[in-house]
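Here is a briefing on one protein chain. Look over the sequence and the model first.

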Amino acid sequence: MLLDADDSQLVLVDYQTRLMPVIFENELVIANAVRLARMAQALAVPVWASAQNPDKLGPNVPAVQAAIEAAGGKTLSKMHFSAAAEGLGEWLRPPVRKAPTGGNARSLPKHFQKPAPEEDAGRSTIVIAGCEAHVCLMQTALELLEEEFEVWVVTDACSSRSERNRDAAFDRLAGNGAELVTTEMVAFEWLRTAEHPDFKEILAQVK
């Protein structure tokens, strides 16, 4: 029931320049999104992002975009409110192994044949945050749940234009199987111990 950094991926949804000024508690939400990306970078957790209709709403705000890029993340431009509807799930799953080509391995006696490689299960835990909580964030999270990912929503890095819409999204997400967490919960669960080599760096992010 605890987050595992080795099984996690971080998804940051639509922290865009023309949207964030009207978002409730926008400064706190942006700061926590940046913290999440920096922690993910330190712990080698893959980072992904989305931007809704960027021609109209602009790119992600500079602080978030810089943290995404520093972590080696990619941003999916989309028109659907759900990033999963435009292929985010394919980004989050491991690539399908290609069948070996050439050779006649099947004609060899069994004791000479190499065993087939095990399929890579990938990282099935999605730590997700974004805006607006009741639209793009919620629809993305619900569709990822349908695709059988484990979804953990970082509540203090999510918001909407109104507090009521934000809270309604959290209620619906929890009712459909998402785990609700905070940025500090993610930090300390990814670390697990004060003896972790990145403990001081992560602690600096949340203090």
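The notes below cover confidence, fold, helix packing, cysteines, selected residues and backbone geometry.

This is a predicted model, in which local features need pLDDT of at least 70 and side-chain atom pairs count only at pLDDT 80 or more, while totals for chains, interfaces and linings use all residues. Residues are numbered from 1 along each chain as its sequence is written, and side-chain values use heavy atoms, without hydrogens or water. The chain has eight helices and six strands. Helices (H or I, at least four residues) and strands (E, at least two) are DSSP runs, numbered from the N terminus.

**Confidence**

- The average pLDDT of the chain is 91, and 87% of the residues score at least 70. The pLDDT is the predictor's confidence in each residue, from 0 to 100.
- Residues 97-106 have a pLDDT below 50. Beyond near neighbours in sequence, this stretch has six contacts in the model. A contact means heavy atoms within 4.5 Å.

**Overall fold**

- Along the sequence, the pattern reads β-α-β-α-α-β-α-β-α-β-α-β-α-α.
- Of the 207 residues in the chain, 44% are buried. Buried means under 20% relative accessible area, exposed means over 50%, and partly exposed lies in between (1.4 Å probe, protein chains only).
- Among contacts with a separation of 6 or more, 80% join residues 24 or more positions apart.

**Helix packing**

- Helix H1 (residues 26-42) packs on helix H3 (residues 62-70) at an angle of about 10 degrees, with the axes 9 Å apart. H1 is therefore roughly parallel to H3. Angles under 35 degrees count as roughly parallel, over 145 as roughly antiparallel, 65 to 115 as roughly perpendicular and the rest as oblique.
- Axes are lines fitted to C-alpha atoms, for helices over the stretch in contact, and angles run from 0 to 180 degrees between N-to-C directions.
- On the H1 side, Ile30, Ala33, Val34, Ala37 and Gln41 take part. They meet Ala63, Val64, Ala67, Ile68 and Ala70 of H3.
- Helix H5 (residues 133-146) and helix H6 (residues 163-175) have axes that come within 9 Å and cross at roughly 15 degrees. That angle makes H5 roughly parallel to H6.
- The H5 and H6 crossing is right-handed. A crossing is right-handed if the near helix is turned clockwise from the far one by less than a right angle, and left-handed if anticlockwise.
- H5 brings Ala133, His134, Leu137, Met138, Ala141 and Leu142 to this contact. H6 brings Asn165, Arg166, Ala169, Arg172 and Leu173.

**Cysteines**

- The disulfide count is zero. A disulfide is a pair of cysteine sulfur atoms within 2.5 Å.
- For cysteine 136, the closest cysteine sulfur is in cysteine 131, 9.5 Å away and so too far for a bond. Cysteine 136 is buried, at 6% relative accessible area.
- Cysteine 158 is in no disulfide either, as the nearest cysteine sulfur, that of cysteine 131, is 6.9 Å away. Cysteine 158 is buried, at 2% relative accessibility.

**Selected residues**

- Alanine 133 lies in helix H5 and is buried, at 0% relative accessibility. Outside four places in sequence, alanine 133 touches Met138, Cys158, Ser159, Ser160, Arg166 and Ala169. Its C-alpha is 9.1 Å from that of valine 13, 120 residues apart along the chain.
- Valine 186 sits in helix H7 (residues 183-191). Valine 186 is buried, at 0% relative accessibility. Beyond four places in sequence, valine 186 touches Leu3, Leu36, Val127, Val154 and Val181. The C-alpha atoms of valine 186 and valine 154 are 7.9 Å apart, across 32 residues of sequence.
- Aspartate 7 is in the segment before strand S1 (8-13). Aspartate 7 is partly exposed, at 22% relative accessibility. Beyond four places in sequence, aspartate 7 contacts Gly122, Arg123, Ser124 and Thr125.

**Backbone geometry**

- Most residues other than glycine have a negative phi, and most peptide bonds are trans.
- Cysteine 131 and glutamate 132 are joined by a cis peptide bond, with omega about -20 degrees. Glutamate 132 is in the loop between strand S4 (125-130) and H5.
- Alanine 44 has a positive phi, near 60 degrees. Alanine 44 lies in the loop between H1 and strand S2 (47-52) and is exposed, at 54% relative accessible area.
- Arginine 192 has a positive phi, near 70 degrees. Arginine 192 is in the loop between H7 and helix H8 (199-206).
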